[in-house]
Amino acid sequence: MTRRRFFVPLAAAMLAAAMVTAQQSPAGPAFTAAQASAGSQIYGARCASCHQPDLAGSNEAPPLAGVNFLNTWRERPARQLIAYIETSMPPAGARLSADDAVAVAAFIMQSNGLAPSAPAGVTTGVRGGAANLPPGRGLTYPGEVANFTPVTDAMLRNPPAGDWLMIRRNYQAWSHSPLTEIGPANVGRLKLAWVWAMNEGGSSEPTPIVHDGTIYLYNTGNVVQALDGRTGELIWEHSVGPEAIIGQGAMRSMALYEDKLIVATTDARLVALNARTGVKVWDVMVADRQRGFANTSGPIVIKGKVLQGLSGCDRFGPDRCYISAYDAATGRQLWRFHTVAQSGEPGGDTWGSTADTYRKGGEAWITGSYDPDLDLTYWGVAQAKPWVAASRNMKTSDRALYTSTTVALRPDTGALAWYYQHSPGESLDLDEVYERVLVDIGSRKFVFTIGKPGILWKLDRASGEFAAFKETVYHNIFDRIDLESGVPRYRSEIIAAKVGEWVQACPSTEGGHNWHATSYHPGAGLLIIPLAQSCMEISGRAVEFTEGSGGTAGDRRFFEMPGSNGNIGKLAAFDVATMREVWSVEQRSPFLTAALTTGGGLVFAGDLDRFFRAYDVRTGKVLWQSRLGTSVQGFPVSFSAGGKQYIAVTTGLGGGSPRQVPRTIAPDVRHPQTGNALYVFTLE
C-alpha cells in the first residue's frame, strides 16, 4: 500500500515561531497590551489546563516558554502561528476564534519577554489567575440511596453478579460480567432504556460504578453523581472540585468500600464521600498540584487500604512519582512506593550518570489489580521522561528502573516483591502502564499485560518470571526479543538516535494498545483486546537540565501502518494458553472503549465513529449495533437492577494520542464535538 505521512506539529512549534521572528526583527511583532491582556484570560480558561498556568507544559502539551521552547523552534516562520492556533487549538472541543488566536499568541509572546507595541502596564504570566482553580461546590443535589448495603472485603474479592464495584469489575481486572440474560439469541432486541447527559469539556473516559442497581458516575470537572440504574433519575450530586479541566480532565474510575465512595480528583487528591448521601467524609492530598502532579484513574481498595497511582511526573526537581496507600477510614497515608529509583537505592544504578533531580517519568496512571491468594498487587509503570533517551542525556542501554515495568507490591507495606521490565531504556513514548489481567491456567498463576508496542506479555505472577509473548500488531521497534528472557532489543537506528534526528517507529504513540482495557472471558479462555494500527516518526528535542525544565520533549509525524489498508481499529481475541490469535475485527475507525465480555457469550466495544456493537465472543461476528450521539469512549459495564440485566456505556470527547492520531490520519471519521453522556440499554 502507499504510505501516507501526516505531520502533526505541536502547539509550541507555532507559538515559538512568532517569538523567534520577533527576536530577529528590531521592532518586534505588532501586538498590543490589550491583546496580550485578553490572551491571558483566554489562555487561563482554554489552554492552561494542559500547558500549565506557568506555560511549563505537561505530558503531551509542550512548554510554551523558556529555553527548551526557543532552542527547538528558533528558525520557524511566524506566519504559521495564527492559522495553526485557530485551526488546531485546543485539540478537543470548539476551536479558538481568529481574534482569540491572535490574543493568545500575543500573550505567549509577552510571557516570553517581548514588549507590546502599546504598553499599558499589563503583567506577564498567568500564575495568579489560572492557578487559582475554582473550588468544588460541595453537595449540590442532596438525596439518599435507599437500602444501601455496605461493601465488604468479601464482596470485593467475589463481587455480586449484578454489581460493578471497581474499575474492570474485579480484582483480577477481567472487565467481565457473569450475567447471562443477554446473549447471542436475544441481543438483537437490545434497546435504549435511558440516557443521561454529562458535563462537557475535557476528556470523558469514565467507568460507571454500580452497586445494588445504583450507578455512581464521574463527570469532567470533578462532579460525582448517583443515579437510579433503572430509570436514570438523579439521587445525589457532589462537586468535589476543582470545577475545572486539569490536563486532559479525564478520571477513569472510583472505588466503593464499606459505606464510602472513594474518588480521586484531577488535582491529585483523594476524597471519600458517603455512598448513601454524597456527603464528604474526608479529603487528602496525594501530591502537590502546584508541582504539576495529577490523577487520571481512581483507586483500588485492598483490605481497608486505598491504593492510588500518580501522574504528572515529568518536570525536573526533587519530587518523584509513587504509588501510595491510605487508610480507608481516615485518609491517613500509610506508605509510598517510588517508581523511579534514585542513587543508593535498588535499581538506582540503572539511570547512567543522570543525577536524581533529572530522573523523571514513572507515572502509575492506570489502576492496578490484586491477587488475594498471593496477596500481591500489580501495577504498570510508565516510561522515563523526556521521551527520547538522547533528550535525557541517556542511552537505551540505561534501563531506568522502574519505568516501563510491571511491579508486584505487598499491599500492607508497599514493599516490592518482584518486577519485570518490558522495555528497558524506553525511547519512543511507547509505555507499558496499562491493565494487568490475572488468569489461572491449570495450577499456574499468570499476569497478562499489553502496552503501546502492541506486545502481549505473559508472566508468572508469583515470581515475575517471563513465560511468553505475542505480537498483536505490526511493529518494527525491536529487532529481536529473546525467547528465553523476553528482553527486547531496539533497532540500531533507535539506539543511535541523537537529539533532532527523526526515527521511524511502528506502532505510534497512539499505541498498539492504550488505556482501552482488555477483557478476559473465563468460559472461552480468551483475552479480548482493543488495538490500534498507526506508525510515526519521532524526534527528541534538546532539553535544559535545570529545575522546572524537563517534560516530554518529543515531536512526531504520524502515518498509516503498513499492511493495515487504512484500518486503524482492531479488536482481537487471544487464547490465554497458546497466545494464538483466534479472531480479529479490523475497521477504519479506532476503538475507544475498553472491551466488555459477559457470561452470555458477548463482547461489547465502541468506536470513534459512534458505533457501539455486540460481538460473539468465540467468533467476533457482529450481532447487534447502535449508533450513539458522538464518539463512544470509556469503560462499558453490565449490571442488574430490578431483576433485569443492563449494558451501560459512555460517549466521550477529548484525550491524548488515541484521539489525536486518528484525527490526523483519518479525518474522514467525523463526529459531533459535544455529547458526553451515559447510555443504558436493556432487552425490550
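This is a predicted model: local features need pLDDT of at least 70, side-chain atom pairs count only at pLDDT 80 or more; totals for chains, interfaces and linings use all residues.
Residues are numbered from 1 along each chain as its sequence is written, and side-chain values use heavy atoms, with hydrogens and water left out.

Taking a disulfide as a pair of cysteine sulfur atoms within 2.5 Å, the count comes to two. With the bonded cysteines of the protein chain numbered in sequence order, they pair up as 1-2, 3-4.

One of the links joins Cys313 to Cys321, with 1.6 Å between the sulfur atoms. The torsion about this S-S bond is about 45°, so the Cys313 and Cys321 disulfide is right-handed. As for burial (buried is under 20% relative accessible area, exposed is over 50%, and partly exposed lies in between, with a 1.4 Å probe and protein chains only), Cys313 counts as buried because its relative accessibility is 4%. Cys321 is buried too, at a relative accessible area of 1%.

The other link ties Cys506 to Cys535, and here the sulfur atoms sit 2.0 Å apart. This pair links distant parts of the chain, 29 residues apart: Cys506 is in the loop between β29 (503–505) and β30 (519–521), and Cys535 is in strand β32 (residues 534–540). Strands here are DSSP runs of E with at least two residues, numbered from the N terminus. The Cys506 and Cys535 link is right-handed, with 110° about the S-S bond. Both Cys506 and Cys535 are buried.

How values were computed
Helices (H or I, at least four residues) and strands (E, at least two) are DSSP runs, numbered from the N terminus.
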